[in-house]
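Visitor: Take one part of this model and walk me through it closely. I'd like to know which residues do the touching.

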Amino acid sequence: MTEKIRFDAIVVGAGLAGSAAAMVMARAGMNVALVERGKEPGGKNYFGGAIYTHAIEEVLPDYRDRRPPLERPVTEAGFWFLGKDGLTKMTVQGGPLNREPADAYTALRAHFDPWWAKQAQDVGAFLIPKTTVVDFIRAADGQVIGVVTDRPQGEIYAPVVIISEGVNNLLTQKLGLIDHDLEPAHVALAFKQVIALPMEEINNRFGLPDDGHGLAVSVLGDLSLGLPGMGFVYTNKKSLSVGMGVMLDVLAEYRLKPYELLQRYLQHPAIAPLVKDGQLLEYGAHLIPEGGYRDMPKLYTGGAMVVGDAAAMVNALHWEGTNMAIIAGKLAAETAIEAHNVGDFSERAMARYEEKLWDTFILQDLKQYRNFSRFLEKHPQFMDVYPNFVNDALGTFFTSYGKPKKELFRELKGALTSRRPLLKAVGDMISMARAVMGW
Amino acid sequence: MAMKRGDAFVGKELPEEVKKTIPRVYVDDLLISLKYYVDEEQSHLWIKEPETCNRCQYKPCLSFCPVGVYTLDNEGKIQVAYQACVECGSCRVACPYNNIGWKLPRGGFGVAYKFG
């Protein structure tokens with residue numbers, strides 16, 4: 001009989017949450033297996049996107065000396081409102097965005113994630129790539145005591161497993177931590193193109209002085225055809241990440257092809273000049289769990305904890321998720337270390353993980369925003385009516401010279417009320433505030 | 001609000017003037033940018049009951065799959081080009097009849113993003 005493969009802890013998936021967890025546990029002296037199904041970490045991961053330094057720093061205080069493969073600091077951020085052929089920009093720069101290091105950096109996951117996993121390996125975590133975890137090993141009382149992989153004799157034993165499997169949380173479902181699969185109305189399908197452009201060209205087109213400055217914007221309006229969806233533009237050093245997310249039920253019901261919507265967005269008169277002559281480096285797609293607090297699984301059971309996208313830790317309005325993943329990974333790891341030190345991996349011991357999450361912005365924010373994904377579903381005018389109104393209103397405001405101002409304001413009011421009665425518009429703003437403030 | 005399932009699934013239509021603003025795109029022109037390690041031995045995607053697809057009036061999988069894995073052949077049967085799959089999971093959860101079998105590719109196989 002061959003000897004069982006044993007570790008102190010197993011982490012399923014070397015993404016942002018998983019490698020953070022592995023790093024923290026390995027640094028505390030635990031013997032950690034970091035199991036990754038891709039050929040290398042990052043190969044399966046696709047995001048907007050930006051990575052937050054406050055989260056990286058919590059796990060790896062000297063990260064800056066380790067030369068993280070980040071793209072540009074986000075020095076300008078905000079919203080762009082696309083009209084039919086116009087664009088209104090509402091972005092902010094300077095102030096808190098001017099700090100060094102910046103709070104957020106644009107990044108490419110196939111570059112960042114291998115580096116992130118390497119930081120875990122450097123403190124002793126054992127990376128097992130090209131290996132898909134397909135099931136758990138459980139004791140008679142249900143306690144998780146290991147995982148089954150798709151390798152021959154692929155059982156790996158450990159008293160604690162951190163599940164960072166990503167949005168397709170099949171293992172989380174298998175453990176019975178959530179009783180339903182992802183609901184198409186509560187997941188967005190995000191799809192983007194990474195488009196190569198010379199650095200100088202990016203600086204010129206986006207008004208950035210150099211590659212020490214970068215832009216991250218959410219784009220609302222014409223691109224989503226009046227349906228619940230949002231676009232984004234991130235500037236990397238020598239490429240742009242341009243994409244959009246649309247709720248999956250909408251794509252299915254209207255039978256829309258994601259790549260055609262993306263092409264329409266890229267051809268928009270205000271967007272086309274920004275991507276002109278760019279070379280397609282990569283197209284891809286990924287689901288975002290936007291159900292938030294209401295769609296979260298139970299976060300732990302005896303011998304296991306769930307982190308990151310698998311636990312629906314995404315704040316859709318703020319495009320946050322990568323930061324929550326990293327910090328949740330760290331908190332799960334700390335819980336595992338405490339359990340390891342006292343030799344208690346029971347469900348009660350794992351419950352500490354959720355307590356720790358409540359002490360951070362993660363569960364506090366997710367609870368506050370619990371109604372937000374439903375809000376956009378019920379108020380599509382925020383994707384359509386208002387972005388168009390903003391363009392028309394500002395356009396009118398700045399071109400109507402020579403007309404009496406009374407007439408100008410009448411036109412402005414007309415531009416809104418022809419689309420949405422005033423009382424309803426006021427109601428929309430109140431609902432929006434409620435969804436964001438969690439009232 | 002959950003998406004309606006099975007025979008209750010209802011396709012919706014955009015206004016014609018909106019629909020005609022959507023350009024035609026051949027997804028193959030995008031797929032050439034992707035790197036894959038194709039598992040030649042087994043598919044990780046499959047149609048559970050081909051008969052069920054005949055009953056499916058709207059066949060949304062032909063559209064929402066971001067890499068066009070699902071196509072109709074000359075006989076109206078759904079073909080599954082699993083080699084192009086980026087493992088997003090959309091088909092697993094959005095097939096109105098829950099008729100698409102889905103598992104992760106074997107370790108090391110499938111899409112391998114170069115940029116992400």
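**A helix pair, then the interface**

Guide: In H10(A), A:Glu354, A:Leu357 and A:Trp358 meet A:Ile362, A:Leu363, A:Gln364 and A:Lys367 of H11(A) (contact means heavy atoms within 4.5 Å; helices, H or I of at least four residues, and strands, E of at least two, are DSSP runs numbered from the N terminus). Keep in mind that this is a predicted model, where local features need pLDDT of at least 70, side-chain atom pairs count only at pLDDT 80 or more, and totals for chains, interfaces and linings use all residues. Residues are numbered from 1 along each chain as written, chains are lettered from A and ligands numbered from 1 in the order written, and side-chain values use heavy atoms, without hydrogens or water.

Back to the pair: H10(A) covers residues 347–358 and H11(A) covers 361–368, with axes that come within 5 Å and cross at roughly 70° (lines fitted to C-alpha atoms over the stretch in contact, angles from 0 to 180 degrees between N-to-C directions). So H10(A) and H11(A) sit roughly perpendicular to each other (65 to 115 degrees; under 35 is roughly parallel, over 145 roughly antiparallel, the rest oblique). Sort the residues of that contact by class and you get four nonpolar, one polar and two charged (Asp, Glu, Lys and Arg are charged; Ala, Val, Leu, Ile, Met, Phe, Trp, Tyr, Cys and Pro nonpolar; the others, Gly among them, polar).

Now for chain A's partner: 58 residues of chain A are in contact with 53 of chain B. The rule finds five salt bridges across that interface (Lys or Arg side-chain nitrogen within 4 Å of an Asp or Glu carboxyl oxygen). B:Glu87 and A:Lys44 pair up in a salt bridge through their side chains, 3.1 Å from N to O. On chain B's side, helix H2 (28–31), helix H4 (61–64), helix H5 (90–94) and strand E6 (110–111) each give two or more residues. H5(B) supplies the largest share of that side, four residues, and by class the side has 33 nonpolar, 11 polar and nine charged residues.
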